[in-house]
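Hello,

Here is the structure I promised to pass on to you. Have a look at it first, and then read my notes below.

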Amino acid sequence: MIDILPTSATAGDAAFVLTVNGTNFNASSIVRLGGADRPTTLVNATQLTAQLTAADVAVAGTFPITVFNP
């Protein structure tokens, strides 16, 4: 299970950094938004950050956030 911050965004918001907390992350871990890879930075084994663009939050909806750990 992962925990994200911020927990929501408003359609039309500017680009922002998404923080993902979980376990067993490594340098190859990738955050995915709606199945699409996002630029991801490993902070430590329990935290990642991902760059989300304004296009990612251009329209309202619910989008799954997952982490791929190869």
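**Overall size and fold**

A compact globule of 70 residues would have a radius of gyration near 11 Å, and the chain has 12 Å, which agrees. That radius is taken over C-alpha atoms, and the globule rule is 2.2 Å times the number of residues to the power 0.38. Along the principal axes, the C-alpha atoms fill a box of roughly 30 × 20 × 20 Å.

Please keep in mind that this is a predicted model, where local features need pLDDT of at least 70 and side-chain atom pairs count only at pLDDT 80 or more, while totals for chains, interfaces and linings use all residues. Residues are numbered from 1 along each chain as its sequence is written, and side-chain values use heavy atoms, leaving out hydrogens and water.

You will find 7 strands and 0 helices in the chain (DSSP runs numbered from the N terminus: strands are E, at least two residues; helices are H or I, at least four).

Now to the inside. Buried residues (under 20% relative accessible area, 1.4 Å probe, protein chains only) make up 23% of the 70 residues. The largest nonpolar core has 11 residues, including Ile-4, Phe-16, Phe-25 and Val-57. Such a core is a set of buried Ala, Val, Leu, Ile, Met, Phe, Trp, Tyr and Cys residues joined through side-chain atoms within 4.5 Å. Strands E2 (16-21), E3 (30-33) and E6 (47-52) each give two or more residues to this core.

Val-31 is one of the core residues. Leaving aside residues up to four places away in sequence, Val-31 touches Leu-18, Leu-48 and Ile-65, among others (contact means heavy atoms within 4.5 Å).

Happy exploring!

Technical notes
Buried means under 20% relative accessible area, exposed over 50%, partly exposed in between (1.4 Å probe, protein chains only).
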